[in-house]
Amino acid sequence: MVGRRRRAAAMAVSRKVRELRRLVPGGAAVPADRLLLRTADYIVRLRARVELLRALSELICAHQGGGHADGDEAGPLA
């Protein structure tokens, strides 16, 4: 029973690693342990891009006299 659970868990991890390799740029070329570090770095860069795009969107809307780009007058979520 324990062996079956362990195999199922290993298969689940393997599927998740394959999915990360597909999603993360350059992920196919690195070992799994480095893939996790690359994934974390990629997430940080994506968050920075989202914040930049939010700021630019708000700046453009404010310049056009519109308020917040997402229509929420309370501002962006923290």
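Start by selecting V24, which sits in the loop between α1 (2–23) and α2; helices here (H or I, at least four residues) and strands (E, at least two) are DSSP runs, numbered from the N terminus. This is a predicted model, in which local features need pLDDT of at least 70, side-chain atom pairs count only at pLDDT 80 or more, and totals for chains, interfaces and linings use all residues. Residues are numbered from 1 along each chain as its sequence is written, and side-chain values use heavy atoms, with hydrogens and water left out.

**Stop 1**

Is V24 buried or exposed? V24 counts as buried because its relative accessibility is 5%; buried means under 20% relative accessible area, exposed over 50%, and partly exposed in between (1.4 Å probe, protein chains only). Now show what V24 touches: beyond its neighbours within four places in sequence, V24 is in contact with L35, R38, T39 and Y42, where contact means heavy atoms within 4.5 Å.

**Stop 2: the nonpolar core**

Next, select V17, V24, V30, L35 and Y42 together: these 5 residues form the largest nonpolar core. Such a core is a set of buried Ala, Val, Leu, Ile, Met, Phe, Trp, Tyr and Cys residues joined through side-chain atoms within 4.5 Å. Centre on Y42, and you will find L23, V24 and P25 in contact with Y42, leaving aside neighbours within four places in sequence.

**Stop 3: T39**

Move to T39 in helix α2 (residues 32–63). T39 counts as buried because its relative accessibility is 11%. Follow the T39 side chain to the backbone oxygen of L35, at 2.7 Å; this is a polar contact (a pair of N or O atoms within 3.5 Å; within protein, one must be able to donate a hydrogen and the other to accept it, and residues adjacent in sequence count only if both atoms are side-chain atoms). T39 also touches L20 and V24, not counting residues up to four places away in sequence.

**Stop 4: the salt bridges**

There are 3 salt bridges to visit, each a side-chain nitrogen of Lys or Arg within 4 Å of a carboxyl oxygen of Asp or Glu.

- In helix α1, R22 and E19 are 3 residues apart, so about one helical turn separates them; their side chains meet at 2.6 Å, N to O. R22 is exposed at 59% relative accessible area, while E19 is partly exposed at 36%.
- In helix α2, D41 and R45 lie 4 residues apart, about one turn of the helix, with their closest N and O atoms 3.1 Å apart.
- Also in helix α2, R54 and E51 are 3 residues apart, and their closest N and O atoms are 3.1 Å apart.

**Stop 5: the surface patch, then zoom out**

Select L52, L53, L56, L59 and I60, which make a nonpolar surface patch of about 500 Å². Patches are made of residues with over 30% relative accessible area and no salt bridge: like charges are joined within 9 Å, nonpolar side chains (Val, Leu, Ile, Met, Phe, Trp, Tyr) within 5 Å. L53, in helix α2, is exposed, with a relative accessible area of 57%.

Finally, show everything: the protein has 2 helices and 0 strands, and 12% of its 78 residues are buried.

How values were computed: Accessible areas come from the Shrake-Rupley method with a 1.4 Å probe; for residues, only the protein chains shown count as cover.
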